[in-house]
Amino acid sequence: METLFLADVIDIKSDDPVAFTFFTGYMAMFAASVFFFFERQQVDGKWKTSLLVSGLITMIAAVHYYYMRDYYAATGMNPTVLRYIDWTLTVPLMCVEFYLLLRPAGAKQSFMWKLIFFSLVMLVAGYIGEAFTDGSMTHSVTWGVISTVGYVYILYSAWFGEAAQLAKSSGNESVQKGIKALAWFVLVGWAIYPIGYMAMPGGWLGADGAGLLRPQDMDLIYNIGDAVNKIGFGLVVYSIAMKETKKSKASA
Ligand SMILES: *C/C=C(C)/C=C/C=C(C)/C=C/C1=C(C)CCCC1(C)C
């Protein structure tokens, strides 16, 4: 007879919102991927790569959520390594989305590589801040500040810098609206993450700091951020692609 070990069973306790968001996050990312992959057939050829990338972002996240959910259920700890592997794949792909939208307006590959470079500065510094923490505020603040430099570059590009300029010169209203929407995601949606980061012991809002957040609140906040940003980014791209496809059909 097989013995069923309790540890093998994934359970969500009713008082554990972190486990709940890991589970629903997984499901939402999975469903979003199916949506983007299927809807890809509806849009004009030049938008298909953008929708493919949207689907890849949520699919890569879904796979990581599958493992992070189990890791958290089994240990009750932050799945820091899995989290950062996920981000290191998906955030550069979000930079690729910016590039694909702005390529018709003349965006060069160097534009994409700059965004990717600064996204990696942001993530590598964040990883060092979390994974190698000695629980001190000096460590978390130092690496948090370095990470923020990378973040601010992308934020600046989206609102005033190269991305914003390219959108302006594109003369295409839906691309302009789309880049503005993505810029809002970077400003508001991405700002959710530093709040999660501050929940770690030694963080400004965590134990030893203001004491407002517990270590496991980090995952709760990151999970909300991921659902908002990964699915939201994809939906913005999807709606531009659909609008432009309808426009070109009407004029054909
Ligand atoms: C799909 C995943 C996304 C969009 C992840 C975005 C992550 C960030 C914007 C993280 C930013 C951080 C800072 C700006 C400072 C503190 C450390 C980080 C890495 C949490």
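Residues are numbered from 1 along each chain as its sequence is written, and side-chain values use heavy atoms, with hydrogens and water left out. Because the model is predicted, local features need pLDDT of at least 70 and side-chain atom pairs count only at pLDDT 80 or more, whereas totals for chains, interfaces and linings use all residues.

Around the ligand there are 18 residues, of which W87, M122, S147, Y193 and K230 come nearest, where near requires a heavy atom within 4 Å. The protein covers 99% of the 530 Å² of accessible area that the ligand has on its own (Shrake-Rupley method, 1.4 Å probe).

The ligand sits in the largest pocket, in the sense that more than half of its atoms lie within 2 Å of the grid points. A pocket here is an open set of points on a 1 Å grid over the protein atoms alone, where a 1.4 Å probe fits and protein lies on both sides within 12 Å along at least five of seven lines; lining residues have an atom within 4 Å of a point. About 510 Å³ of space lies in this pocket, and S147, T148, Y193, P194 and Y197 are the closest to its centre among its 26 lining residues.

The α3 helix gives the most to the ligand shell, with five residues, while α5 gives the most to the pocket lining, with seven; helices are DSSP runs of H or I with at least four residues.

| Group | Nonpolar | Polar | Charged |
|---|---|---|---|
| Shell around the ligand | eleven residues | five residues | two residues |

The unreviewed UniProt entry lists residues 50-68 and 181-200 among its transmembrane regions. Residues 50-68 are 100% helix, with end C-alpha atoms 27 Å apart, and residues 181-200 are 75% helix, with end C-alpha atoms 30 Å apart.

How values were computed. Helix = DSSP H or I, 4+ residues; strand = E, 2+ residues; numbered from the N terminus. Nonpolar A, V, L, I, M, F, W, Y, C, P; charged D, E, K, R; others polar. Points joined across faces, edges and corners; volume = space filled by probe spheres on them. UniProt positions renumbered as here; feature names shortened; annotations may be inferred.
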